[in-house]
Amino acid sequence: MKNYFSKNKDTLITLGIVAFAYVIIEIMVKQGAISSLFKGLLVPLCAYVILAVSLNLTVGILGELSLGHAGFMCIGAFTSAFFSKLTVGVINPDWLRFVFAILIGFVFAGLFGFLIGMPVLRLKGDYLAIVTLAFGEIIKNLMNVLYVGRDSKGLHVSIKDAVSLGLEDDGQILINGAQGITGTPKDSTFTAGFILIMISLIIILNFIKSREGRAVMAIRDNVIAAESVGINVTRYKLLAFSLSAALAGVAGVLYSHNLNSLMATTKNFGYNMSIMILVFVVLGGIGSIRGSVISAVILTLLPELLRGLSTYRMLIYAIVLIAMMLFNWAPSARAFRARIIAKLPFGAKKALNEEV
Amino acid sequence: MAFLSYLINGISLGAVYAIIALGYTMVYGIAKMLNFAHGDVIMVGCYTVFSVVSMMHLPVWLGILLSIVVCTVLGVTIEAVAYRPLRQASSSLTVLITAIGVSYLLQNLALLIFGANTKAFTSVVPIKAVKIGDKLTITGETIVTVLACIIIMIVLTLFVNRTKAGRAMLAVSEDKGAAQLMGINVNRTISLTFAIGSALAAVAGVLLCSAYPSLTPYTGSMPGIKAFVAAVFGGIGSIPGAFIGGIILGIIENLSKAYISSQLADAIVFMVLIIVLMVKPTGILGKKIQEKV
Amino acid sequence: MALINTLLEVDHLSISFGGLRAVDDLNLSIKKGELYGLIGPNGAGKTTAFNLLTGVYKPNEGIIRLDGRNITGLRTIDINKAGIARTFQNIRLFKDLTVLDNVKVGLHNLYHYSTLAAILRLPSYRKVERQMDERAYELLEVFGLKESALLKASQLPYGKQRKLEIARALATNPKLLLLDEPAAGMNPQETKELMETITFIRDKFHLTVLLIEHDMKLVAGICERLTVLNFGRVLAEGPTSEVLKNPEVITAYLGE
C-alpha cells in the first residue's frame with residue numbers, strides 16, 4: 001500500500017487538491033457565502049480546467065502547439081446540445097441523458113481530432129499551429145451557417161438559411177445558423193463539473209504513466225530516436241491528439257448544457273478562446289497537469305474577484321505570458337537561474353528539484 | 001461584368017495580403033519564426049495614421065511617414081526584447097507562444113488607448129475612381145494598392161539580390177552559423193529584416209484601412225493570419241511567392257464571398273491553406289529541406 | 001547463397017544525394033555473433049550506411065538481408081522489429097524522460113496492455129509494468145546505470161548518456177546492434193570500460209555488433225573483421241590485423 005502511494009503520489013496530490021477545493025466551495029455555497037455572480041462562474045470554470053489539462057496533453061506531453069482547441073470544444077458543445085434537445089423527454093431520467101450527452105461530445109470531438117490530426121500531425125511546429133488554428137476557425141464558421149430542422153418527415157439540413165430547410169408548419173428548428181441552439185436542457189452543475197474534472201485528470205495522468213504515454217513523450221523528445229526503437233510515431237501522435245480533442249469535447253458539453261442559448265462566436269469557440277486556454281497552460285507550466293488546473297482557476301477567478309482589474313485583465317495576461325516565456329526558456333535566463341540555484345544550500349536545492 | 005469587378009476587388013485585397021506576406025515571408029525565411037504579432041503591427045500603423053490625420057488634423061503624408069517610423073521602431077523593439085533572447089531556445093514553440101503574447105499585448109494596449117469602438121478611417125488615397133464602360137469601376141484605392149505592391153516587390157527583390165545587406169540576409173537565411181563565420185552580423189541582419197517587414201506592415205495597414213475603412217484593435221489579426229496563409233501558399237521565404245500567393249488568395253476570398261457564401265469565405269481561405277500544406281507543403285515556389293540524422 | 005551463419009548480408013548498396021554517391025556499391029557479410037567494424041575518414045559514408053540499414057534513407061540500389069529476410073525499403077520501425085537496433089553519433093536520448101523510462105520506451109513493443117487497462121489501472125497494467133521495470137533495471141545494471149534510474153536522461157554525464165543509448169537499443173531485443181561512434185568524447189579509461197562492456201553484452205545477449213569508430217585502438221582491440229570506406233566506396237575488407245596493415249588504408253587515414 002505504501003509502495004502504491006509513493007508511485008502515484010503526484011496523481012493523488014493533484015486529485016486531492018481538486019477534491020478539497022470542491023468541498024470548500026460546496027460548503028461556501030451551502031452557507032450562502034458566495035455571490036450569485038461567483039456561482040454562475042463555477043460551471044464555466046470547470047470547463048476551462050478540463051480545456052487547460054486537455055490542451056496540456058497536446059502542448060506539454062505531445063509537444064505540438066495546437067491553436068484550434070476551442071474548435072473541438074465547439075464540436076462537443078454542439079453535438080451534445082443537439083442530442084439533448086432531440087432526446088428531452090425521450091431518455092429519462094435527466095442524468096442518464098446527460099451521461100449520454102457527455103459520451104457523444106467525447107466521441108465526436110475525438111473523432112474530429114482523429115480526422116483533423118491525420119493530415120495535420122505530419123506537419124511540424126509553426127505549420128501545425130497555424131493549421132490547427134485554421135481548422136478551429138473553419139469549424140466555428142461552419143457552425144454559423146448550419147441549419148437543422150425536424151418535422152414529421154425527419155431531419156432536414158441546410159447550409160443556406162432556415163427557410164430552405166422546407167419544414168412543415170409544425171416543424172421545429174433545432175440548429176438555427178448563427179443563432180445556434182436554444183433551449184438546451186440545463187444539465188450542467190458544479191458537481192457534474194467536478195466529477196468530469198476528476199475523470200479527465202485520472203484519464204490524462206494515468207495515460208501519461210503508461211507505455212503509450214511514454215511513447216508519446218519519447219516522440220516529443222526525439223522523433224528519430226523513437227522510430228529507431230520501433231515506436232509508431234503517427235499512431236501515438238494521433239492517439240494523444242484525439243484524446244486531447246475528445247476531452248475538450250467534454251468541456252464543450254459542460255459549457256453548452258449551462259447555457260440557454262448556444263452560439264458559436266469568436267469569443268467562446270474562436271481563436272481567442274484557444275489562445276486563452278493556451279495562456280492557462282503556459283502559465284501553469286507546459287507539461288504540468290496540476291499547474292494547468294491551478295492556473296485555469298486563478299486566471300478565471302482573479303479578475304472577477306478584483307473587479308477593477310478586469311479592464312486590464314487581458315493586458316496583464318499578455319505581459320505575464322511574455323515574461324514567463326522569457327524567464328523560463330531563454331538560455332540566458334536559464335543560465336542565470338542555474339547560477340542562483342547553485343548558490344543555494346542543499347535543502348533548498350532539493351525542494352526546487354522536487355517541485356520540477 | 002460583375003465577375004470582372006469581383007476579380008478586380010480580389011486583386012486589390014490580394015495586393016494588400018501580398019505586402020503583408022512579404023514581411024511575413026522575409027521574417028520567416030531569416031529568423032525562422034512565425035511572427036504572430038505581424039498583423040497587429042499593421043493595426044498599430046493604422047491607429048497612428050488615424051491619430052495623426054483624423055484626430056490631430058495633420059497632413060496625410062506626415063501620417064504615413066510617422067506610421068512607417070512607429071511600425072519600424074516597434075518591429076525592431078519586439079524582436080530585440082521578446083524574440084532575440086529565445087533564439088537559441090531548444091524548442092521553437094517557445095518563441096511562437098511569445099509572439100502570440102506580443103500579439104495579445106498590442107491588441108489590448110490598443111483596446112485600452114482607443115477603446116473597442118470601430119473608428120471610421122478616412123481614405124488617404126487622393127486618386128478618383130476610374131470608370132470603364134457603364135458597370136465597371138476601379139477605385140483609386142485599388143490602383144494605388146496594386147501599384148504599391150508591384151513597386152515594393154521589385155524594390156525588395158533588387159535590394160535582396162543587389163545590395164550587401166540584402167545578400168547578408170540571404171546568407172543568414174541559408175545558415176546562421178556559417179554567415180556569422182563569414183563576418184556577417186547576424187543580430188543586425190535580423191533587426192534589419194524586422195525593420196523592413198514592419199515598415200511594409202505600416203504601408204499595408206494604410207492601404208487596407210483606405211479600402212476597408214473601419215478600424216478596431218483586431219483589424220490586423222485576420223489579415224495577418226491570411227497573409228501568412230498567402231506566404232505559405234507562395235512558398236515561405238520566396239518574395240515572388242508571397243506576391244503570387246497574396247494575389248491568388250485575395251481572388252479566392254472575394255470570389256467565394258460573391259458566389260458561395262460570405263460567411264464561409266474565411267473557411268474557404270483556410271481550406272486552401274490546409275490543402276496546400278497537405279499536397280505541397282513547400283508552397284508554389286518554396287524549397288525543400290531535409291533533417292539531418 | 002547466404003551462408004547459414006550469416007546474419008547481415010548487404011549487396012551492392014548505393015545511395016546518391018544530388019549527384020553525390022554517398023554510399024557506392026557497399027557489400028557486407030556479417031556472421032552471427034561477430035564484432036564487426038566499419039571505419040573510414042570523415043565523410044566516407046559510414047553514418048549514411050547506418051541510415052540505409054535502419055531505413056532512415058531508402059537505397060537507390062541494392063539489397064539488405066537480415067537473417068535471410070529481405071528488409072530493403074522497410075520503415076525504420078519495422079526494421080527495428082525485424083531485429084536491428086542502433087545508437088546515434090550525436091546522442092539522441094529522450095532527454096526529459098527518466099533514465100528508467102528511456103529504457104522502458106525501448107521495451108515498448110515487447111510488452112503489451114490496452115489503453116483502457118492503463119487508464120483504469122487494471123491488474124494487467126500493474127503486472128506488465130512490474131515486468132517492464134524488472135527488465136529495465138536488469139539492463140541498467142549491465143551498464144552501471146541502476147543508481148541513476150530516476151534521474152532525467154539529460155542530467156546524466158556524457159559518458160553515461162552514451163551507455164544509456166546502448167541500453168535503450170538493447171531493450172528492443174535486437175539480433176544486430178549498430179553502434180555509431182560509441183566512444184566519441186570518452187577518455188581512455190571510459191573507452192576501455194566501454195570496450196569490455198561491448199564484448200560482455202555481445203556474449204550475454206547473443207548479439208552481433210556492427211560499429212562505426214574513429215578510435216583505432218578500440219577498433220583494433222575488439223573488432224574481428226573490418227570494412228574500410230573511403231568516399232562512399234569499400235577500400236578494403238577482411239580480418240582486422242590484415243586490413244590495418246593495408247597500405248591503401250594507411251594512406252587514406254594519414255592523408256585525411
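Figure 1. Helices (H or I, at least four residues) and strands (E, at least two) are DSSP runs, numbered from the N terminus.

A word on reading these views: residues are numbered from 1 along each chain as its sequence is written, while chains are lettered from A and ligands numbered from 1 in the order in which they are written. Since the model is predicted, local features need pLDDT of at least 70 and side-chain atom pairs count only at pLDDT 80 or more, whereas totals for chains, interfaces and linings use all residues.

**Figure 2. The open sheet of chain C.** Here 6 strands line up in the order S6-S7-S8-S3-S9-S10, with mixed pairing; strands count as paired if DSSP finds at least two bridges between them. Strand S6 (84-86) and strand S10 (233-239) are the edges, each pairing on one side only. Neighbouring strands are turned by 15 degrees against each other on average, direction ignored. S6(C) and S7(C) run parallel, joined by 3 bridges, and Ile84(C) has Leu176(C) in S7(C) as its bridge partner. S7(C) and S8(C) are also parallel, over 5 bridges, with Asp180(C) partnered by Ile212(C) in S8(C).

Figure 3. Buried means 20 or more other C-beta atoms within 10 Å of a residue's own (exposed is 12 or fewer, partly exposed is in between), with C-beta atoms placed from the backbone. Leu176(C), Leu178(C) and Asp180(C) point one way from S7(C), and Leu177(C) and Leu179(C) the other way. Helix H1 (residues 46-53) lies across S3, S6, S7, S8 and S9 of chain C, at about 150 degrees to S7(C); axes are lines fitted to C-alpha atoms, for helices over the stretch in contact, and angles run from 0 to 180 degrees between N-to-C directions. 8 of the 8 residues of H1(C) are buried, so H1(C) too is largely enclosed by the rest of the structure. Among them are Lys46(C), Phe50(C) and Asn51(C). Gly55(C), with a positive phi near 80 degrees, follows H1(C).

**Figure 4. Chain A against chain B.** The contact takes 34 residues from chain A and 35 residues from chain B. On the chain A side, H6(A) gives the most, with 13 residues. Chain B averages a pLDDT of 87, and 97% of its residues score at least 70; pLDDT is the predictor's confidence in each residue, from 0 to 100.

Note on methods: Two residues are in contact if their C-beta atoms, placed from the backbone, lie within 7 Å.
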